[in-house]
Amino acid sequence: MAKASIEARGDLRLTRLTKTYGDFTAVDDLTLTIPKGSFFALLGPSGCGKTTTLRMIAGLEEPTAGSIHLGETDITTTKPYQRPINTVFQNYALFPHLTIFENIAFGLRRRGQKDVKEAVDKVLNLVELPHLAERKPTQLSGGQQQRIALARAIVNRPALLLLDEPLGALDLKLRRQMQIELKWIQKEVGLTFVHVTHDQEEAMTMADTIAVMNEGQIEQMGSPAELYDNPETAYVANFLGQSNLIKGIISGNDGDSLIVDLYGQKIALPKNRSHAIDNSTYAGIRPEKFRISLLETPVHGNVLTGGRIEDVSYIGVSTQYQVEMPWGQELMVFEQNDDGVAPFNKGDAVNISWAPTFTFALRGDEDVTAGSEVQPQDIDEE
Amino acid sequence: MSQKIKDATIPTIPLGARIQRWIGRNLIRIYAIFAFTYLFIPVAYTFAFSFNDSGKSNLIWKGFTFGNWQNPCGAPEVCSALGNSIKIGFLATFFSTILGTMIAFAIGRHKFKGRSTSNLLIFLPMATPEIVMGASLLSLFLVFKINPGFWPTVIAHIVFCISFVVVTVKARIASLDPRLEQAAMDLYANEFETFRRVTLPLVAPGIAGAALLAFSLSFDDFIITNFNSGTLTTFPKFIYVSAARGIPAQANVIGSAMFFLALTIVIVGQLVNRRKVR
């Protein structure tokens, strides 16, 4: 059993995975397949169950119900050391009494590999820290410790590498650099990476596939572009970037398009981008998809008239406008400054227009603020 | 520019204020000198009188000699008493360290029914007056028809050392990050290997400290030993008994030697630690 599980390879399949602590359900009936070789991110705020999921995959937490398969092998009840899975811990968890070399060699030695020098040197070169082999972990900076933690895991060439908020303790500049490096290393070694984070930018930069988690369940799963471009719920629309969500009624059909009535103004959107279940809906448009024009300028696509510019903030590459609509809602518009200075002023009466294909439609009974109160920088992960 | 200003134009600080400032700056040093003098005068006295050419009573300075150091076992019984104390000390340390460490792991790492009660009960022997514990142990031994002597003394010492070991080791375990053990398990180390390669090495300084503490507690215990040792003479008992008719200078020699041995251990420990950090 132990022998078989440690050599398991293939896709990771979570089937109806559940974890409860007393009355609290941390992970709720989660079913998920992570393809071999992919860079997969579990994204969500603190307490959404992503870390618990990761710990169950690692074997550090026992599921209350459900199963975990790696390829064809059931690893649900196997011990952490019987799984071909390694973890990069949030605080790195390097062994303080061992040198960097021995830290990295730890996994190889436990598996009975006698000659570890070549493998350790190779992975130290990969993370570009070969000169630190004889140091102790406390003598290293945070960024160096992070790389050693990564090296200690990938040297074992596991079927699956788990990263628990791996960049959380680094400053912004170093984090950006490590994001690019992690992605590069993943391609280089060709392992399956499962990455847990509350930072949507981090997830979008690195992952091929993102699963947005909320209250122990997966809210939506897809490529970063799919999630951003066509969110299915208000939670996803607000958690990944910003969205303008406008209440409306689906009033008709026009070929492949739906006609939606937004406070008396009709707009169109592709049928396949609607997630509404009845007539009531929220039309969603990302702020950078909007175009502002003065009333007399002719425009194409969807148009909402009667706007008035309430606020202008110039931020270099773009200008952010707050536009108040006749029904009292303020819409957010990001305009690229490719023509120089922001051309509109506070108080201008304007139209807002956009291409119908950029519109998505959510269910009308959604909580439009879901996911938006959560500011990634405020989160202190459990 | 500034050099052109005459000295007289710089206001001088009055003498009183300067004295005050000097005291303010140096008070802590003066206090430290007094405190250390107070602490070390008895040790210095013991050390100095180990060189006394004393004869029977070692109370009055009669002249300098190396004789006591050359022949530390010169006084009757002093070395057999020392030998007994060392034997009891080692045995008590060995067993109390093993038992205490196991208890510390149980309380520090596992949740079980009665854990907080056990935690509290562990403190009890430390809080009990020694005289009470010594007397109760003696009556207990007598109930079981065990005569006072070497082994009852060892058992009594193990009893009071365990609490100190548990407290010391538990503090070390509490400061240990559980994620290190999880990381070891994650890196293919089974429970035993994790304990041997990660947990034990990281808790070891705490265990070593606990062992040293247990040994010194056992070595100089008098009250409990006096109740339970019967005719056996330990080093503290020897000193107590000979105090009536004059402590031989050899006792000063052994006392000083013990002091310097302990000092050496501490200094070596510090040096090793410092090198490790570098």
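In this predicted model, helix α3 of chain B, which covers residues 78-109, packs against helix α10 of chain B, which covers residues 235-243, at an angle of about 145° and with the two axes 7 Å apart. On the α3(B) side the residues that meet the partner helix are B:Val78, B:Ala81, B:Leu82 and B:Ser85, while α10(B) brings B:Phe235, B:Lys237 and B:Phe238. Sorted by class, the residues of this contact divide into 5 nonpolar, 1 polar and 1 charged.

Two packed helices are described by the angle between their axes and the distance between the axes. For helix α4 (residues 115-127) and helix α6 (residues 150-174) of chain B, the axes come within 8 Å and cross at roughly 125°. Angles from 65 to 115 degrees count as roughly perpendicular and those over 145 as roughly antiparallel, and α4(B) and α6(B) are therefore oblique to each other. The crossing in which α4(B) passes α6(B) is left-handed. From α4(B) the contact draws on B:Ile122, B:Phe123, B:Pro125 and B:Met126, and from α6(B) it draws on B:Val159, B:Phe160, B:Ser163, B:Phe164 and B:Val166. By class, 8 residues of this contact of α4(B) with α6(B) are nonpolar and 1 is polar, with no charged residues.

As for its overall dimensions, the C-alpha trace of chain B spans about 95 × 70 × 35 Å along its principal axes, and its radius of gyration is 27 Å, whereas a compact globule of 278 residues would have one near 19 Å. Buried residues account for 31% of the 278 residues in chain B. Among the contacts in chain B with a separation of 6 or more, 77% are between residues 24 or more positions apart.

It remains to look at where chain B meets its neighbour. Here 15 residues of chain A are in contact with 15 residues of chain B. On the chain A side, the elements that give two or more residues are β6 (85-88) and α3 (100-110) of chain A, and α3(A) gives the most, with 3 residues. By class, this side of chain A has 8 nonpolar, 5 polar and 2 charged residues where it touches chain B.

Conventions
Residues numbered from 1 in each chain as written. Chains lettered and ligands numbered in written order. Predicted model: local features only at pLDDT ≥ 70, side-chain atom pairs only at ≥ 80, totals over all residues. Contact = placed C-beta atoms within 7 Å. Helix = DSSP H or I, 4+ residues; strand = E, 2+ residues; numbered from the N terminus. Nonpolar A, V, L, I, M, F, W, Y, C, P; charged D, E, K, R; others polar. Axes fitted to C-alpha atoms, helices over the stretch in contact; angles between N-to-C directions. Parallel < 35°, antiparallel > 145°, perpendicular 65-115°, else oblique. Left-handed = near helix turned anticlockwise from the far one by under 90°. Rg over C-alpha atoms; globule rule 2.2 N^0.38 Å. Buried ≥ 20, exposed ≤ 12 C-beta atoms within 10 Å, placed from the backbone.
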